[in-house]
Amino acid sequence: MKVARLEQIPGFNIDRVAAAAGDDPDVLRMENLDTDIPPPAEAMEATRAAIGEAVAAYVERRGGPRYDGRREIVITSGEGDGMLDALFCLTDPGDEVVLTDPTYAGMLNRVRLVGAVPRLVPLQVADGEWRLNLDALQAAVNERTRVLFISSPSLPTGWVANDEEWEAVASICRERDLWLLYLAWFEGILFDGHPVRHPASLADMRDRTVTVSGASLEQRMIAWRIGWVVAPGEVVNDVARVQIYNGLVPSGFAQIGTRVALGLDDDHLHAANAECQRRRDETLHQLDGLPAVRPAGTWSLLLDVAALGHDCVEVSDLLLEQKVAATPMRGWGGEIADRHVRFVFSNEPVERLARLGERVRPALAAARRT
């Protein structure tokens, strides 16, 4: 499954020369933009621990397989770099990538940026929650498919893949010799007792799964912009080569805080999830009687304004007039995404969310019927 696009992208040669030079003290080290004039001693001491090993331990603690922090993990400048790095290494132009509809626009458009073609599989509402249409998933895969690109919990819906859905994804990857590109940035942000499920731990999936994540969400370190790509075998070397040109070197001081955060237990995450669940529940209460879908994780939920006969962009504009900033989902997938407006509940306390209903309903009343 080696992609052709990287055949014309050589390494920097710096890494090749450095590897050849090794640790020989007699070599004049003139291959790289570096200096032996040290930064402050305190900063040096704080950065000695390898963040790659911290990521490996973090994945394993979550139920994922064991990875080698030095040889199977590439540290990036956020999960955005990581997604693009991975897609460059897993696809050639014209290859197809399967995603859900709705999906995170950053996933969908990075597929397009690398010249691959997105194929959308609908999420549908069943028993008040999002579920993946497994028949449509099977039908979406063809001879041009190279990657299933899945995030769970998924933005913007809050869909959390269950065991049946993960097994369907894994079975397709095994039977059709495909990659699973797993965006795990919301992995632990779960409600209602949902467990973490790491797909690389499924049978024969460790060597078919490339995991992208970062510190932005679970650790709530949005401005740190530290991410990682966990990739098996030779793929990690390709990811490292792309990262050299795409992101170069992630911020050292941001890695310090990330390393510390990854080493903590999950008490802080459980407390944050409990508060976000309160906010989710209040948002749903405020939208009671409207076609809003209950999210099982993440920080947002969707309101189906098309079911009310309205256009998502118009409703978003009218909501802003009522002092509610909510995003239309046009461009976040296909026809299913286009029906919805997204409400992010993670940045407003329950007391302020209690004003939502009295502002949403006048906006909907003012919307034209389409």
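These are my notebook entries on the fold of this chain.

**Ground rules.** I am working with a predicted model, where local features need pLDDT of at least 70, side-chain atom pairs count only at pLDDT 80 or more, and totals for chains, interfaces and linings use all residues. Residues are numbered from 1 along each chain as its sequence is written, and side-chain values use heavy atoms, with hydrogens and water left out.

**Overall.** I looked up the elements and found 13 helices and twelve strands in the protein chain; these are DSSP runs numbered from the N terminus, helices being H or I of at least four residues and strands E of at least two. Of the 370 residues, 51% are buried (under 20% relative accessible area, 1.4 Å probe, protein chains only).

**The sheet.** Next I traced an open, mixed sheet of eight strands, ordered β1-β8-β7-β6-β5-β2-β3-β4; two strands pair if DSSP finds at least two bridges between them. β1 (73–76) and β4 (129–132) are the edges, each with a single partner strand, so one side of each has no neighbour in the sheet. On average, neighbouring strands are turned by 25° against each other, direction ignored. At one end, β3 (residues 117–126) pairs with β4 in the antiparallel sense over four bridges, and I noted L132 in β4 as the bridge partner of L123.

**Helices on the sheet.** Helix α4 (residues 79–90) packs on the sheet and touches β1, β2, β5, β6, β7 and β8, its direction making about 160° with that of β7. Contact here means heavy atoms within 4.5 Å; axes are lines fitted to C-alpha atoms, for helices over the stretch in contact, with angles from 0 to 180 degrees between N-to-C directions. My last entry is helix α7 (residues 163–176), which lies across β4, β5 and β6 at about 140° to β6.

Terms used: Buried < 20%, exposed > 50% of the residue type's maximum accessible area, 1.4 Å probe, protein only.
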